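Subject: Structure handover

Hello,

Here is the structure I promised to pass on. Please open it first, then read the notes below.

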Amino acid sequence: MTDIIMLPGLGGSGESHWQTLWERQDPSMRRFQPSSWDKPILTDWIAALEREISRSQTPPILIAHSLACQLIAHWAPMRKAAILGALLVAAPDPTGEVYLAEAGSFANPPPKRLPFPSLLVASTDDPFCALDHARHGAEIWGSAFADVGPRGHINAASRLGDWPEGKAIFERFRAQLG
């Protein structure tokens, strides 16, 4: 069985967020734990990701939301562990009009292709990232791209529940990983 590591964004994906709901439904999923969900420090989040990956018996799949997508982009060039793949959901645009001041250390990830398969999922009306910027990010990272239509920031505020559409996207992605 493949380990799946959830990487929430700022705030830690609360009780009604699809990431939390998926974790409750699937014992192979577990969450990484940085020191603070609300005052993110890139080096701390990288260390937390490395710790969680080291607990895996086989290369895990990462499921990142929002700020955690940028975490992966910063971490990937220096990674020490093998990753099976990464699902990147609602990556924010650090150059956009709306960006989190408390997440400044996450801005400007290296513009490099990710060294593992990835899929970037974006919404047409995400207040944190225009669809064109998301497509461009997918090109830079070498990620496949999925446009899910108007779903906001693809978070609890989007009222997606356990986001069945996202589960189907993830299962198709996972099947391609072998």
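Start with Ala134, which is buried, with a relative accessible area of 7%. For that label, the value has to be under 20%. Keep in mind that this is a predicted model.

Ala134 sits in helix H4. Which residues does Ala134 touch, not counting those up to four places away in sequence? They are Leu120, Ala122, Cys129 and Phe145. Now look across to Arg31, which is 103 residues from Ala134 along the chain. The C-alpha atoms of the two are separated by 24 Å.

Rolling a probe the size of a water molecule over the atoms shows where empty space is left. The largest pocket has a volume of about 270 Å³. It is lined by 18 residues, and the closest to its centre are Pro94, Pro109, His133, Gly137 and Trp141. Which element gives the largest share of that lining? Helix H4 (residues 131-141) does, with six residues. Sorted by class, the lining of the largest pocket has 11 nonpolar residues, six polar ones and one charged one.

The second largest pocket holds about 170 Å³ of space. Twelve residues line this pocket, and Leu10, His65, Ser66, His153 and Asn155 are the closest to its centre. Its lining has four nonpolar and eight polar residues, and no charged ones.

His17

Two of the names above return with His17. This residue lies in the loop between strand S1 (4-7) and helix H1 (18-25). Is His17 buried or exposed? At 4% relative accessibility, His17 counts as buried. The side chain of His17 reaches the backbone nitrogen of Gln19 at 3.0 Å. Leaving aside neighbours within four places in sequence, His17 is in contact with His65, Ile154, Asn155 and Ala156. Of these contacts, His65 and Asn155 are also among the residues closest to the centre of the second largest pocket.

Salt bridges

Side chains of opposite charge can pair when their charged atoms come close. How many salt bridges are there in the model? The count comes to nine.

Arg31 forms a salt bridge with Glu23, and their closest N and O atoms are 2.5 Å apart. Both Arg31 and Glu23 are buried.

Next, go to Glu52 and Arg30. Their closest N and O atoms are 2.3 Å apart in a salt bridge. Glu52 lies in helix H2 (residues 42-54) and Arg30 in strand S2 (residues 29-31), so this pair ties together parts that are 22 residues apart in sequence. Glu52 and Arg30 are both buried. They also belong to a network of salt bridges that links Asp3, Arg30, Glu52 and Arg55.

Last, find Asp147 and Arg135. This salt bridge has its closest N and O atoms 3.9 Å apart. Asp147 lies in strand S6 (residues 144-147) and Arg135 in helix H4, so the pair ties together parts that are 12 residues apart in sequence. Are these two buried or partly exposed? Asp147 counts as partly exposed, at 37% relative accessibility. Arg135 counts as partly exposed too, at 37%.

Best wishes

Methods: Residues numbered from 1 in each chain as written. Predicted model: local features only at pLDDT ≥ 70, side-chain atom pairs only at ≥ 80, totals over all residues. Heavy atoms only, no water. 1 Å grid on protein atoms, 1.4 Å probe; cavity = no way out; pocket = protein on both sides within 12 Å on 5 of 7 lines; lining within 4 Å. Points joined across faces, edges and corners; volume = space filled by probe spheres on them. Helix = DSSP H or I, 4+ residues; strand = E, 2+ residues; numbered from the N terminus. Nonpolar A, V, L, I, M, F, W, Y, C, P; charged D, E, K, R; others polar. Buried < 20%, exposed > 50% of the residue type's maximum accessible area, 1.4 Å probe, protein only. Contact = heavy atoms within 4.5 Å. Salt bridge = Lys/Arg side-chain N within 4 Å of Asp/Glu carboxyl O. Polar contact = N/O pair within 3.5 Å; in protein donor to acceptor, adjacent residues only side chain to side chain.
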